[in-house]
Amino acid sequence: GEGRAYNGLGNAYGSLGQYREAITHHEKDLSIVKEIGDKEGEGTANGNLGAAYQSLGEYQKAIEHYEKALSIAKEIGRKGLPMGTSGTRIDPLASIRRSSHTKRNTR
């Protein structure tokens, strides 16, 4: 449907490095999945927003979205790491932890 199309567009723009445009589409997706009560879609949209904000270096916003995705995963009983849109298992917070660790060690 429409939300899935926005999700795909957001992922495509993210792949092009156009993260602000990706965020715009993922926010539209999030709005739709909330409206129809699709909790898993809401978790995915928040995960995608987290990834886009992380790519922009906006780590606090990334963490907020990843935490929402985690909360939803717990709520719907989805165990393990979130699924990336490509079907690969990802640990979104791991790269943030590595990034902040690297920044601390290079100062």
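Predicted model: local features only at pLDDT ≥ 70, side-chain atom pairs only at ≥ 80, totals over all residues.
The score pLDDT is the predictor's confidence in each residue, from 0 to 100. Residues are numbered from 1 along each chain as its sequence is written, and side-chain values use heavy atoms, with hydrogens and water left out.

**Confidence**

The mean pLDDT of the chain is 83, and 74% of the residues score at least 70. Helix α2 (residues 19–36) has the highest confidence in the chain, with a mean of 97, and helix α5 (residues 92–105) the lowest, with a mean of 49. Over residues 83–91 the pLDDT stays under 50, and the model has 15 contacts beyond four places in sequence for this stretch; a contact means heavy atoms within 4.5 Å. Residues 101–107 also have pLDDT below 50, with one contact in the model beyond near neighbours in sequence.

**Packing of α1 and α2**

Helix α1 (residues 2–15) packs with α2 at an angle of about 160 degrees, and their axes are 8 Å apart. Axes here are lines fitted to C-alpha atoms, for helices over the stretch in contact, and angles run from 0 to 180 degrees between N-to-C directions. The two helices, α1 and α2, are therefore roughly antiparallel to each other; angles over 145 degrees count as roughly antiparallel, under 35 as roughly parallel, 65 to 115 as roughly perpendicular and the rest as oblique. Their crossing is left-handed, meaning that the near helix is turned anticlockwise from the far one by less than a right angle; clockwise would be right-handed.

Residues of α1 that meet α2 include Tyr6, Leu9, Gly10 and Tyr13, and those on the α2 side include His25, Lys28, Asp29 and Ile32. His25 lies in helix α2 and is buried, with a relative accessible area of 8%. Buried means under 20% relative accessible area, exposed over 50%, and partly exposed in between (1.4 Å probe, protein chains only). Beyond its neighbours within four places in sequence, His25 is in contact with Tyr6, Leu9, Gly10 and Tyr13. Tyr6, found in helix α1, is in contact with His25, Lys28, Asp29 and Ile32 when neighbours within four places in sequence are left aside. The C-alpha atoms of Tyr6 and Ala45 are separated by 9.7 Å, with the two residues 39 apart along the chain.

**Salt bridges**

The structure holds five salt bridges, each defined by a side-chain nitrogen of Lys or Arg within 4 Å of a carboxyl oxygen of Asp or Glu.

| Pair | N to O distance |
|---|---|
| Glu58 and Arg20 | 2.3 Å |
| Arg78 and Glu40 | 2.6 Å |
| Lys61 and Glu58 | 3.5 Å |

Glu58 and Arg20 form a salt bridge that links distant parts of the chain: Glu58 is in the loop between α3 (39–55) and α4 (59–76), and Arg20 is in helix α2, 38 residues apart. Arg20 is partly exposed, at 48% relative accessibility.

The bridge between Arg78 and Glu40 also links distant parts of the chain, from the loop between α4 and α5 for Arg78 to helix α3 for Glu40, 38 residues apart. Arg78 is partly exposed at 32% relative accessibility, as is Glu40 at 41%.

Lys61, paired with Glu58, is partly exposed with a relative accessible area of 40%. Through shared partners, salt bridges join Arg20, Glu58 and Lys61 into one network.

Key
Helix = DSSP H or I, 4+ residues; strand = E, 2+ residues; numbered from the N terminus.
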